[in-house]
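Reader: I have a model open on my screen. Can you show me how to read it, one feature at a time?

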Amino acid sequence: MVAVANAKQIKTDIQTTILISMSLLMLILILFYKKVQIPVIIFIPSLFGALLALAFLYFLRGTISAISISIAAVLIGITIDYALHIMTHFKQTQDIKHLYKEITKPILMSAGTTAVSFLCLLFVNSEALKDLGIFAFIAILFSGIFSLILIPHIYKPNIKTSDDKNHLIDRISAFSFERNKPLQIFSYLLLIVSLFTFWKVGFNKDLSALNFFPKELQEAEYKLENSAQQQNKSLFLINYGNNIDQVLSANSVLYSRLQQDTGMIAINSIGEIVLSKKDQEAKIAQWNSFWTDVRKMEIRENLIRSSAAFGFKPTAYQAFFSLLDQKFSSVTWDDYQKLNNGILSEYISSKDGFFTANTIVKTAEGNREKLMKQFNNGSIAVIDRKEMNETFLGQLVNDFNTLVNYSFVAIFVILWLSFRRIELTLISMVPIVLTGLVTGGLMGLFHLEFNIFSTIVCTLVFSHGVDFAIFMTAALQKEYSTGKDEMPTYRTSILLAVLTTILAIGALIFAKHPALRSISAVSLLGVTAAVLNTFVLYPLVFRFVFRRRPSKGLSPLSLRLRLISAFSFSYYIIGSMLSGLLFSLISNRAWMTRVMSRFGDSVLKSNPFVKKQQFNPHDEDFKKPAIIIANHNSLLDTLLIGRLLPKCVFVTNEWVYKSPVFGRVVRRAGFLMLDDDLEKSKNILKQRIDAGYSIAIFPEGTRSATNDVQRFHKGAFYIAEQLRLDILPIYIHGAADVCPKGDFVIYDGTLSTVIGERIRPTDQQFGDNYSARCKTISRLFKQQFAEIRKQFEGPTYFREKISLNYRYKETEIEKLSLNDFDLHQESYATWNNFIAANAKILHIGNDFGHIDFLLTLQQAQRHIESYIRDPEKRAIAGNTYLKHKRKLTYLNQLTETTLRFDVLIWGSNDEKVEISDSIHIIVCYDFIEKPHYIGFEEVFKDQYSCVLKRRTNG
């Protein structure tokens with residue numbers, strides 16, 4: 001009765017909810033796409049994928065489980081989304097080439113991750129679920145492929161009009177969910193609440209709770225539940241073995257023991273009916289011993305005599321007398337089966353020579369444990385049906401957890417292989433994890449439990465979460481690449497996918513059947529969580545991680561750079577604070593400076609990806625105190641000088657001297673803060689010099705943001721003149737690139753220190769007073785440093801900077817830029833020799849901007865205006881951190897130029913450009929034919945490029 005009632009209710013619920021909601025869904029899709037064929041089009045790839053999966057399973061296994069077929073409805077809810085994504089983007093782009101470029105990778109990633117998630121069912125312990133895993137893997141993967149192949153051919157979008165954006169779905173998609181403060185606050189609160197309610201979600205192992213009970217059955221159940229019998233416990237006692245006679249004999253013994261147990265309320269067994277041959281022979285022997293010839297004669301005479309008084313004939317009992325005279329023999333198991341096999345099969349079963357005999361007993365709940373201990377031995381198995389169901393469901397839960405774990409690993413690997421960046425992979429996993437967390441949190445908040453049905457529908461929710469994350473990552477990555485907001489189109493396709501789930505499955509929330517309602521509740525909560533996290537929280541996380549730094553003119557970072565930089569700076573800060581505390585307890589300044597030198601060296605060595613090298617061409621031994629001057633580009637400069645000579649004190653600015661982190665240690669070590677009273681500072685410095693210390697001063701006064709050496713201040717040269725000290729220049733190269741000003745990150749690179757030649761106070765070639773010496777030595781320092789840059793900055797020096805400039809943009813952008821850089825690096829390095837450090841450059845090309853970036857990295861003072869022919873490449877080049885950091889402008893038209901250029905760089909010279917009189921250098925690359933310009937001579941040429949220079953004689 002319960003089964004019939006459930007079947008009827010499921011049929012009614014589907015008719016009243018699914019059919020109506022699906023009809024409504026099809027109507028909405030027809031109106032949105034303005035095609036009446038849409039209901040047919042969206043199902044074609046799914047149908048092809050399902051048929052292919054069935055064919056594959058037929059050849060692989062020959063059969064397919066019913067669960068694989070029944071779950072196809074859930075798979076359709078996943079696979080039709082691929083068709084919706086493609087049609088939505090096709091409707092927006094109206095260009096098939098752009099469509100495939102934009103949608104192919106997300107579709108294949110989405111289908112691949114979902115398919116592999118189902119394939120992980122091969123690791124569970126159910127053959128039916130393994131069949132489902134194979135079926136779903138093939139159906140989903142090839143539905144995505146068939147969607148890419150078929151949909152652009154069978155769906156032709158209408159020409160876009162101004163009315164296309166008036167559709168409600170388009171207007172919703174255009175809304176910036178992530179910038180809405182109430183939605184942000186709500187999402188944060190929901191996430192916080194979910195952290196506490198997620199753990200409250202349990203698994204309902206009571207299958208009866210998922211049945212539908214009509215009113216009359218509920219009343220009958222209520223009466224049964226209030227009877228005494230319902231408080232009792234039913235157990236199955238099973239004898240088993242490979243010999244039917246032994247099993248039947250043991251079953252008879254068990255029945256006898258149960259009859260003697262006063263705790264038994266009811267016993268259902270055939271232990272006294274179906275006997276083994278031995279027991280039969282014993283019964284026959286007992287029969288024969290009882291019915292002796294004397295007793296037979298007595299019973300015959302008594303019956304005839306007694307019945308005669310009632311008019312019975314002497315032959316009335318002849319059948320009974322014949323039975324007494326019959327010679328009985330034992331019967332076989334086959335003879336028993338001929339009697340009533342239907343009844344016997346409920347108690348006796350056999351397969352492949354293995355036999356079981358079942359006995360059902362009902363006992364009080366308190367007697368259950370005693371009975372199980374008493375009979376659960378090597379030949380009898382005691383089974384509690386409810387406990388067996390709970391064990392089965394417990395195994396199902398374990399399988400589900402195994403599936404989730406393997407799926408997460410599989411999805412992570414596929415995303416990593418697709419994005420090729422661990423950072424993008426980790427961030428794209430954020431909405432997937434948050435969807436699971438918030439879904440569980442909402443279930444805990446509303447006191448919902450998982451059950452055998454809702455765990456299956458969780459695959460749909462999980463797949464949607466992955467699907468949404470992949471497509472939103474594609475939108476955000478495209479926005480990060482070009483700066484253009486492409487999210488409305490992606491939101492539209494996601495909203496259509498949500499709509500299909502809500503109308504197809506979510507509508508079951510109005511069903512009366514508990515199982516259908518549980519499926520609907522989980523799917524609604526899961527899809528809601530997926531949309532909320534994907535539309536609100538995920539864009540905020542993505543932009544914070546990837547866009548925040550480039551928008552401020554700072555380089556994107558890899559995960560390794562973040563972790564190692566965090567470690568090195570933490571070590572530096574904590575070590576400085578501890579050193580300050582230690583130095584406050586001692587007064588030996590020489591010991592303190594040695595400790596600081598060793599500590600600074602250990603900080604530099606804390607990053608294994610930064611190479612340290614030093615050059616001492618003049619064999620400087622630092623024994624004689626001097627005023628040490630060095631260029632200042634980085635926080636690492638003091639560490640680099642400190643590791644060279646421990647007996648050195650620095651003249652610092654007020655920020656360092658009074659810093660809560662570094663202040664105590666530098667003050668205790670004898671560092672000085674140079675104030676306006678030079679006479680007072682001079683006396684203190686003389687004390688340090690008399691103690692054998694050199695004085696290190698950065699004459700630029702502040703750190704330079706580039707590799708350029710800034711104007712020198714006169715303080716260092718005044719002190720050297722007053723104290724009659726040598727000036728010892730130290731050139732620091734690479735610090736501006738490894739740890740630049742304004743950025744607390746340590747990049748990969750090489751830190752080089754070159755110790756220059758001492759300048760004696762008596763050397764008059766640098767001037768006869770500190771002011772003249774400041775200018776002359778500054779000029780010499782810059783010349784020497786320029787030579788050092790040429791020596792150390794080879795063709796590949798800025799490759800990593802170029803790579804980071806495109807990091808996390810669409811994969812082919814970084815790949816193509818680096819391929820071109822690697823192919824022509826020698827040419828680019830040669831160009832630099834002909835282009836002035838402060839040149840005004842006009843570049844006409846068709847790259848992603850890497851040539852412009854290299855030119856500005858080589859010399860920061862260059863001013864470049866660049867015209868890139870391809871609008872998308874131009875947008876990509878204009879949306880990079882180096883564009884914000886250097887004097888670099890991208891022109892939409894050549895007529896927008898504002899500078900008087902002295903250098904023209906021209907790629908693919910298939911157009912005519914007027915050469916103004918101010919241009920004295922022309923660089924042509926990737927040319928179709930060798931260029932010729934009147935008044936210019938060729939000074940360099942290779943297979944890729946040539947450099948032309950204006951003749952000085954006209």
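**Salt bridges, cover and cavities**

Author: Start with a charged pair. R758 forms a salt bridge with D726, and their closest N and O atoms are 3.2 Å apart. The pair links distant parts of the chain: R758 is in the loop between strand 12 (749-755) and helix 30 (770-792), and D726 is in strand 11, 32 residues apart. Keep in mind that this is a predicted model.

Reader: Are R758 and D726 buried or exposed?

Author: Both R758 and D726 are buried. Buried means under 20% relative accessible area. D726 counts as buried because its value is 1%.

Reader: Which residue forms a salt bridge with D726 at 3.4 Å?

Author: K624 does, with 3.4 Å between the closest N and O atoms. K624 sits in the loop between strand 6 (610-615) and strand 7 (626-630), and D726 in strand 11 (residues 726-733), so this pair ties together parts that are 102 residues apart in sequence. K624 is partly exposed, at 46% relative accessibility.

Reader: How many salt bridges does a search of the whole structure find?

Author: It finds 25. One of them joins R799 and D822, with closest N and O atoms 2.7 Å apart. R799 is in helix 31 (residues 799-805) and D822 in helix 32 (residues 811-834), 23 residues apart. R799 is partly exposed at 28%, and D822 is partly exposed at 31%. Salt bridges that share partners also join E178, R179, E479, R491, R543 and R547 into one network.

Reader: Now cover. How many residues of helix 24 are buried?

Author: In helix 24 (residues 637-644), 6 of the 8 residues are buried. Among them are L639, L640 and I641. For contrast, look at the surface. I185, L189, I192, L195 and F196 form a nonpolar patch there, with about 520 Å² of accessible area together. F196 belongs to helix 9 (residues 181-197). F196 counts as exposed because its relative accessible area is 61%.

Reader: And how do I find empty space?

Author: Rolling a probe the size of a water molecule over the atoms shows where empty space is left. Here the count is 2 cavities of 30 Å³ or more.

Reader: What classes of residue line the largest cavity?

Author: The lining divides into 10 nonpolar, 6 polar and 8 charged residues. The second largest cavity holds about 50 Å³. Its lining has 7 nonpolar, 2 polar and no charged residues.

Terms used:
Residues numbered from 1 in each chain as written. Predicted model: local features only at pLDDT ≥ 70, side-chain atom pairs only at ≥ 80, totals over all residues. Heavy atoms only, no water. 1 Å grid on protein atoms, 1.4 Å probe; cavity = no way out; pocket = protein on both sides within 12 Å on 5 of 7 lines; lining within 4 Å. Points joined across faces, edges and corners; volume = space filled by probe spheres on them. Nonpolar A, V, L, I, M, F, W, Y, C, P; charged D, E, K, R; others polar. Patch = residues over 30% accessible without salt bridge, like charges linked within 9 Å, V, L, I, M, F, W, Y side chains within 5 Å. Areas by Shrake-Rupley, 256 points an atom, 1.4 Å probe, with all protein chains shown as cover. Salt bridge = Lys/Arg side-chain N within 4 Å of Asp/Glu carboxyl O. Helix = DSSP H or I, 4+ residues; strand = E, 2+ residues; numbered from the N terminus. Buried < 20%, exposed > 50% of the residue type's maximum accessible area, 1.4 Å probe, protein only.
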